[in-house]
Amino acid sequence: MPNQQGELRLGVIGTGCIGMEHIRNALLLPSVRVVAIADPHEPSRQTALAELQHAGVREVIALERDAEMLQLSDVDAVLVCTPNDTHHAVMRQVLASGKHCLVEKPLCTLISHCAETVALARQPGGFGGTAPLLWCGMEYRYIPAIARLIQEADQGLIGDLRMLSIREHRFPFLKKVGNWNRTNERTGGTLVEKCVHFFDLMRRILRSEPRRIFASGGQEVNHKSVDSDVLDSAYVIVDFQSGARAMLELCMFAEASKHQEEVSLVGTRGKLEAFAPSHGTKQDDESEVNFRRCLRSSKFIAEYEERARPPADLECGTIVEAHEKIDARLMQAPSRT
């Protein structure tokens with residue numbers, strides 16, 4: 001993917017809140033150079049240019065239309081960070097250009113548009129007659145504590161996976177251009193716009209596909225004074241083909257929380273827990289536990305059918321607590337949406 005100088009030349013389509021986060025992260029990578037940005041909203045373009053210039057990046061092409069960027073030969077890959085309902089049209093142009101692409105979640109707001117986009121991405125073409133790389137950004141897999149949970153689950157340390165619980169208690173949706181993120185029509189709905197991360201984690205961790213879904217949610221507190229119809233809270237239960245069950249608990253009026261996300265995975269031999277820092281946390285506190293492994297006692301497992309009394313503390317098993325280090329530079333980027 002990099003050019004002959006070993007440098008990846010990046011174009012950013014959409015320079016709002018998420019586009020700026022990607023730009024700041026790209027600036028941390030010595031082999032990546034942002035060479036072009038595109039956004040029809042002039043204030044967003046100017047904010048991105050100022051950020052890049054402050055970082056010492058001078059030669060950046062700023063455009064209103066993403067189609068113009070896709071014609072630039074010195075752009076190797078693009079980031080698509082536009083409003084959700086524009087992804088389908090933007091991705092058709094990106095895939096036709098043959099450029100590599102990371103598109104922000106969700107891929108599209110309609111299932112039919114997602115299927116079309118994936119089909120186009122699988123067609124041969126682009127560089128050297130092979131399909132360009134396409135990835136929908138599912139970065140929650142790579143939060144260090146969650147990545148360790150996934151690794152240890154894959155290793156079978158807690159046995160067969162039976163129950164997965166994901167809780168996100170956070171702040172309301174932030175204000176964006178035209179309030180596009182406060183309507184179901186433009187976002188696909190809160191459970192698509194926000195919670196696609198967690199449904200991705202469920203499928204990745206449990207390595208199975210859903211077979212039945214129950215859900216209940218509402219607009220209880222947020223954005224009632226504006227023209228908005230997005231959920232601000234919900235419970236979702238998913239039964240998987242493997243027999244495992246998963247649950248999502250979402251609350252978007254609970255920013256006064258120690259952890260923004262908590263993941264609990266229970267298997268036949270134990271439990272793994274991972275915690276992500278709350279909004280506003282800018283430093284990695286290595287004294288804070290953000291990962292926990294709890295293994296059941298094999299002796300208790302063998303004897304529990306015949307026991308008439310609860311186990312004493314020492315009979316329950318072992319608990320290991322740890323801190324998975326987070327790169328403090330990444331914590332300086334804007335908050336997750």
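Modeller: Just after α4, G98 takes a positive phi of about 80°; helices here are DSSP runs of H or I with at least four residues, strands are runs of E with at least two, and both are numbered from the N terminus.

Colleague: What kind of model is this, and how are residues numbered?

Modeller: This is a predicted model, in which local features need pLDDT of at least 70 and side-chain atom pairs count only at pLDDT 80 or more, while totals for chains, interfaces and linings use all residues. Residues are numbered from 1 along each chain as its sequence is written, and side-chain values use heavy atoms, leaving out hydrogens and water.

Colleague: Back to α4, which residues are buried there?

Modeller: In α4, H87, H88, V90, M91, V94 and L95 are buried, meaning under 20% relative accessible area with a 1.4 Å probe and protein chains only. They sit on the same side of α4, because they cover an arc of only 160° around the axis, the arc being that of the directions from the helix axis to the C-beta atoms.

Colleague: And what covers them?

Modeller: The cover includes β1 (8-13), α3 (66-69), β4 (77-80), β5 (100-103), α5 and β6 (134-136), where contact means heavy atoms within 4.5 Å.

Colleague: At what angle do α4 and α5 pack?

Modeller: Helix α4 (residues 87-97) and helix α5 (residues 111-121) pack at about 5°, with their axes 10 Å apart; axes are lines fitted to C-alpha atoms, for helices over the stretch in contact, and angles run from 0 to 180 degrees between N-to-C directions. That makes α4 roughly parallel to α5, a label for angles under 35 degrees. On the α4 side H88, M91, R92 and L95 take part, and they meet H113, E116, T117, L120 and A121 in α5.

Definitions and conventions: Angles under 35 degrees count as roughly parallel, over 145 as roughly antiparallel, 65 to 115 as roughly perpendicular and the rest as oblique. Buried means under 20% relative accessible area, exposed over 50%, partly exposed in between (1.4 Å probe, protein chains only).
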